[in-house]
Amino acid sequence: MNETPSHANEFLRTLQTHAARFSLQLNKEATARLSDYYEQVNAWNTRLHLVAPCPPAEFATRHVLESLFAVSYVPESARVTDVGSGAGLPIIPCLIVRPDLRVTLIESSAKKSIFLRETLRRVAPESNAVIINKRFEAIDVPEADVITCRALDRFTEKFQELVNWSPPTATLLLFGGNSLREQIEAATLPFSIVHLPESEQRFLFIVKRTA
């Protein structure tokens, strides 16, 4: 994922041409900041293995636009807690286009937490964001209206623990495939499912906790 001018242009062009397929409208400021975010991931990826190497067009669709697909399910000025933030997906793209959000990023890796802090300083300097460098199991859940999770290690194994940890009134926005769907169904939680555009077996699950 070493960035060159042509890679940056391909990323930007893909954002602009594919956004509508994800029901998104991105203004010039948002696309510029998303491009800065892509540049940051590229700069850190060799050291931290933030995401698997992929072409810029795939990064734009599978990572950034898929992440932004969640914003329509997040209320205005919502308190959002992102668990296992890693490369900042989905939360940093969401924060770029929705600066009204009040966000807590939970990441257990100290090095990835530094990446998150430096990237937010660059791409969303005015954001209301807090980074907690711990495992979610080790902290009390912050006040949150929405819990997001896209790349937590051993996600399906930790699903029930994540649900139990989350505030009873929170909505969980979870990215995953059929194995995660089986976990949600086994937990008998109310949920809806949205197939992510331009993918075969990736979904956004909107899960409601029961008190």
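These legends describe close-up views of one predicted model. In this predicted model, local features need pLDDT of at least 70 and side-chain atom pairs count only at pLDDT 80 or more, while totals for chains, interfaces and linings use all residues. Residues are numbered from 1 along each chain as its sequence is written, and side-chain values use heavy atoms, with hydrogens and water left out.

**View 1. Arginine 79 and its salt bridge with glutamate 143.** A salt bridge here is a side-chain nitrogen of Lys or Arg within 4 Å of a carboxyl oxygen of Asp or Glu. The closest N and O atoms of this pair are 2.9 Å apart. The two residues sit 64 residues apart and link distant parts of the chain. Arginine 79 belongs to strand E1 (residues 79-83), and glutamate 143 to the loop between strand E3 (128-132) and strand E4 (146-149). Helices (H or I, at least four residues) and strands (E, at least two) are DSSP runs, numbered from the N terminus. Buried means under 20% relative accessible area, exposed over 50%, and partly exposed in between (1.4 Å probe, protein chains only). Glutamate 143 is exposed, at 65% relative accessibility.

**View 2. Arginine 79 and its salt bridge with aspartate 145.** The N to O distance is 2.8 Å. How accessible is arginine 79? Its relative accessible area is 26%, so arginine 79 counts as partly exposed. Aspartate 145 is partly exposed at 27%.

View 3. Glutamate 118 and arginine 121 meet through their side chains at 2.8 Å, N to O. Glutamate 118 is partly exposed at 28%. Arginine 121 is exposed at 56%. Elsewhere, salt bridges that share partners join Glu66, Arg150 and Arg202 into one network. The whole structure holds twelve salt bridges.

**View 4. Backbone at proline 90, serine 77 and glutamate 198.** Most residues other than glycine have a negative phi, and most peptide bonds are trans. The bond from leucine 89 to proline 90 is cis, with omega near 10°. Proline 90 lies in the loop between E1 and helix H4 (91-97). Serine 77 has a positive phi, near 60°. It is in the loop between helix H3 (56-68) and E1, and is partly exposed at 32%. Glutamate 198 also has a positive phi, near 60°. Its loop runs between strand E6 (191-195) and strand E7 (203-208). Glutamate 198 is partly exposed at 41%.

**View 5. The largest nonpolar core.** A nonpolar core is a set of buried Ala, Val, Leu, Ile, Met, Phe, Trp, Tyr and Cys residues joined through side-chain atoms within 4.5 Å. This core has 48 residues. Those with the most contacts inside it include Tyr37, Phe59, Val80 and Phe115. Which element gives the most to this core? H2 does, with six residues. Apart from this core lies another, of 23 residues, among them Leu174, Ile184, Ala187 and Val207.

**View 6. The surroundings of valine 80.** Contact means heavy atoms within 4.5 Å. Neighbours within four places in sequence are left aside. Valine 80 then contacts several residues, including Val74, Ile91, Leu101, Val103, Val146 and Thr148.
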